[in-house]
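Visitor: I would like to go through the side-chain contacts of this model. Could we take them one at a time?

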Amino acid sequence: MRKFLFVFTLGVCASAYLCAQSEADLRDYFEGRTVTVKQDLPASKTAIDIYPESASPINYADYSRRLKQFGVAFRRNQSVPLTGVRVNDRSIELQLGGAAGVGADEVQPAASVAVEKSPRERSLERDIERETDPDRLAKMQQELDALRKQRQREDARLKAALAQLSNGNADGQRVANALVRIDLVFNGGVPARALNPDYVKSALKSWIDFNAAERSAPPPPPVISDDNAPPSGLRKGMTEADLVRLYGEPARRESSTQGDLRVDVLTFKRDGTTLEATEVEGVVVRFRQWSD
């Protein structure tokens, strides 16, 4: 009987300890950790409301609408700092990002990007030097001039788009100081059992990987940029039609408006790899590729 009472008392004390945790305990546990987001998170100022004890934890229609309207602050599989935790009357609020420079390597456009010559333009330049027939030479020169003018127009449009993105437009500022709030909402008030790190991690398991930084995983695949050999003929300055010819139709498209510019993020799947290309006004300004 004494042994039973001892075990029972120990269990009650342990339960009381777990339920007696506070906002300060959650802050000590979570703040300063680096986590990996498992879903794209919208850049709106309003928090993402998740109801962990509801049959429908989130309003996905509202979530999708906000992604389209405000764009993406943090992308799926991106590592971000968890910078704040707050317990309110009806919610537990987690703050992701907000630190200067977070994700800067993902979002800053190149200072100068030129549209490359097409294979046809380079071929004509070589052939013109060897051509001796005046009529053929004139036709080749006319085609070459047309291709050069087309490239110059694309180059001007690309540089104008990059200039506007780089000169403090709303998206550049937003991403450089990206901040996303996620609220765990309880209609009847925050229960004591929710003031526990394990509860919070379980409630957000579809949204945040809290343990990614603690696991000894292999390093992520390198981001492929113009500083490395671009895969399969990719280059900044190419059009969406060029991308589709190389990779087929995109598996996913995310569109938003930054100032008066249209920004599209296209995701392509092929041969066990994923390509993500960012377009401004139909011109590719950034891309990255990784193995699935």
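Visitor: To start, are E121 and R151 buried or exposed?

Guide: Both E121 and R151 are buried, where buried means under 20% relative accessible area, exposed over 50%, and partly exposed in between (1.4 Å probe, protein chains only). This is a predicted model, in which local features need pLDDT of at least 70 and side-chain atom pairs count only at pLDDT 80 or more, while totals for chains, interfaces and linings use all residues. Residues are numbered from 1 along each chain as its sequence is written, and side-chain values use heavy atoms, with hydrogens and water left out.

Visitor: What do E121 and R151 form, and how far apart are the closest N and O atoms?

Guide: E121 and R151 form a salt bridge, with 2.7 Å between the closest N and O atoms. A salt bridge here is a side-chain nitrogen of Lys or Arg within 4 Å of a carboxyl oxygen of Asp or Glu. E121 lies in helix α5 and R151 in helix α6, so the pair ties together parts that are 30 residues apart in sequence. Helices (H or I, at least four residues) and strands (E, at least two) are DSSP runs, numbered from the N terminus.

Visitor: Which residues of α5 are buried?

Guide: They are E121, S123, L124, E125 and I128.

Visitor: And what span should α5 have?

Guide: The 12 residues of α5 should span 16 Å, and the end C-alpha atoms are 17 Å apart, which agrees. The expected span is 1.5 Å times one less than the number of residues.

Visitor: Back to the charges. How many salt bridges are there?

Guide: The count comes to 22 salt bridges. One of them joins D40 and R252, at 2.8 Å from N to O. D40 lies in the loop between β1 (34-37) and β2 (41-42) and R252 in strand β9 (residues 252-258), so the pair ties together parts that are 212 residues apart in sequence.

Visitor: What is the relative accessibility of D40, and of R252?

Guide: D40 is buried at 4%, while R252 is partly exposed at 33%.

Visitor: New topic. How many aromatic pairs does the structure hold?

Guide: It holds 6 aromatic pairs. Rings of Phe, Tyr and Trp (its six-membered ring) pair if their centres lie within 6.5 Å; planes under 30 degrees apart count as stacked, over 60 as edge-to-face and the rest as tilted. The ring centres of Y29 and F30 are 4.9 Å apart with the planes at 85°, so this pair is edge-to-face. Y29 is partly exposed at 29%, and F30 is buried at 1%.

Visitor: What arrangement do Y63 and W207 have?

Guide: Y63 and W207 are edge-to-face, 5.3 Å centre to centre with 90° between the planes. Y63 lies in helix α3 (residues 60-70) and W207 in the loop between α8 (197-203) and β8 (208-209), so the pair ties together parts that are 144 residues apart in sequence. Both Y63 and W207 are buried.

Visitor: Finally, over which ring does the charged end of R270 sit?

Guide: Over the ring of Y247, 4.4 Å from its centre. The criterion is NZ of Lys or CZ of Arg within 6 Å of the ring centre and within 35 degrees of the ring normal.
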